[in-house]
Amino acid sequence: MATITPQTIPVLTIDGPSGSGKGTISRAVAERLGWHYLDSGAIYRAVGLAAAWENIDLSDPDAVAHCAAHTDIRFDKDGHGEPRVIVNGKDATHQLRMETAGAAASAIAAHPPVRAALVDLQKRFRQPPGLVADGRDMGTIIFPDAAYKVFLTASAEERAKRRYKQLKEKGVSVNLDSLLHEIAARDERDAGRAVAPLKPAEDAVIVDSTGTAITEVIERVLAVLPRSLQPR
């Protein structure tokens with residue numbers, strides 16, 4: 001019987017900018033495959049939120065890294081099967097969806113000590129039968145040896161509209177122009193940072209979801225996998 005090592009466990013990385021649909025697509029693909037799911041963005045948001053709870057200056061790399069090393073993060077589901085994120089024993093799912101949490105995640109992700117503190121945590125999600133890893137540097141930094149990589153993107157305008165609709169449905173007061181400005185600014189910041197900038201892995205398949213139905217995007221992502229790994 002073959003010995004299972006991390007290198008023998010298949011990984012599908014799905015990277016891309018904010019609002020590209022990574023979360024929705026990645027969760028659906030993981031469910032179709034019966035694989036584990038890693039939401040790296042939620043991990044960074046959770047650390048940013050935990051740091052805010054402790055009034056830690058997000059521009060202080062060492063303080064945030066210390067917070068990261070001592071933050072307990074769990075992914076769970078509620079009674080209706082909806083995903084929940086538990087941070088230090090508190091259900092932080094709603095707070096993690098706010099734009100402020102996204103901005104905090106982007107800010108702390110630029111700190112090398114913070115990224116180092118979270119690398120091992122993310123790699124531990126690589127368990128049989130496989131892993132779908134959703135983020136910004138899954139295929140370039142965290143799982144560079146992954147055999148299957150996707151870079152999911154969409155126009156900034158479409159991503160802003162998606163986020164606007166999502167927040168409105170949750171009863172959050174939001175302005176579309178402000179969202180578009182925030183998304184454009186975050187794209188520039190994420191792509192230009194010195195550490196793990198947002199960019200496709202050289203061997204990634206680019207999937208543009210602009211104007212494309214979710215079901216079609218899911219099929220295009222699944223098509224990256226060989227037939228032997230395709231869902232039955």
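Reader: Why is Thr-210 called partly exposed?
Author: The relative accessibility of Thr-210 is 32%. Buried means under 20% relative accessible area, exposed over 50%, and partly exposed in between (1.4 Å probe, protein chains only). With 32%, Thr-210 falls in between, so it counts as partly exposed.

Reader: And what kind of model is this?
Author: It's a predicted model, where local features need pLDDT of at least 70 and side-chain atom pairs count only at pLDDT 80 or more, while totals for chains, interfaces and linings use all residues. Residues are numbered from 1 along each chain as its sequence is written, and side-chain values use heavy atoms, with hydrogens and water left out.

Reader: Where does Thr-210 lie?
Author: Look in the loop between strand 8 (205–208) and helix 10 (214–222). Those names come from DSSP runs numbered from the N terminus: helices are H or I with at least four residues, strands are E with at least two.

Reader: What is Thr-210 in contact with, leaving aside its neighbours within four places in sequence?
Author: The list is Thr-153, Ala-154, Ser-155, Glu-158 and Arg-162. Contact means heavy atoms within 4.5 Å. As for Ala-154, its C-alpha atom is 4.7 Å from that of Thr-210, although the two residues are 56 apart along the chain.

Reader: What is the order of the open sheet of 5 strands?
Author: The order is 2-6-1-7-8, and the pairing is parallel. Two strands pair if DSSP finds at least two bridges between them.

Reader: What makes strand 2 and strand 8 edge strands?
Author: Strand 2 (36–39) and strand 8 each pair on one side only. On average, neighbouring strands of this sheet are turned by 20 degrees against each other, direction ignored.

Reader: How do you know that strand 1 and strand 6 pair?
Author: Count the bridges: strand 1 (residues 11–15) and strand 6 have 5 of them, in the parallel sense. The cut-off asks for at least two, so they pair. One of the bridges joins Val-11 to Leu-131 in strand 6. Helix 1 (residues 22–33) packs on this sheet and touches strand 1, strand 2, strand 6 and strand 7 (148–153), with its direction at about 180 degrees to that of strand 6.

Reader: Why is helix 1 called oblique to helix 10?
Author: Their axes come within 10 Å and cross at roughly 60 degrees. Axes are lines fitted to C-alpha atoms, for helices over the stretch in contact, and angles run from 0 to 180 degrees between N-to-C directions. Under 35 degrees counts as roughly parallel, over 145 as roughly antiparallel, 65 to 115 as roughly perpendicular, and the rest as oblique. Roughly 60 degrees belongs to the rest, so helix 1 is oblique to helix 10.

Reader: Which residues of helix 1 and helix 10 meet?
Author: From helix 1 there are Thr-24, Ile-25, Ala-28, Val-29, Arg-32 and Leu-33, and from helix 10 Ile-214, Val-217, Ile-218, Glu-219, Val-221 and Leu-222. This contact has 9 nonpolar, 1 polar and 2 charged residues. Ala, Val, Leu, Ile, Met, Phe, Trp, Tyr, Cys and Pro count as nonpolar, Asp, Glu, Lys and Arg as charged, and the others, Gly among them, as polar.

Reader: What makes strand 3 and strand 5 stand at the edges?
Author: They belong to an open sheet of 3 strands with the order 3-4-5 and antiparallel pairing. Strand 3 (73–77) and strand 5 have a single partner strand each, so one side of each has no neighbour in the sheet. Strand 3 and strand 4 share 5 antiparallel bridges, including the one from Lys-77 to Pro-83.

Reader: Is Asn-55 buried or exposed?
Author: Exposed, because its relative accessible area of 72% is over 50%. Asn-55 sits in the loop between helix 2 (40–53) and helix 3 (61–69) and has a positive phi of about 55 degrees, although it is not a glycine.
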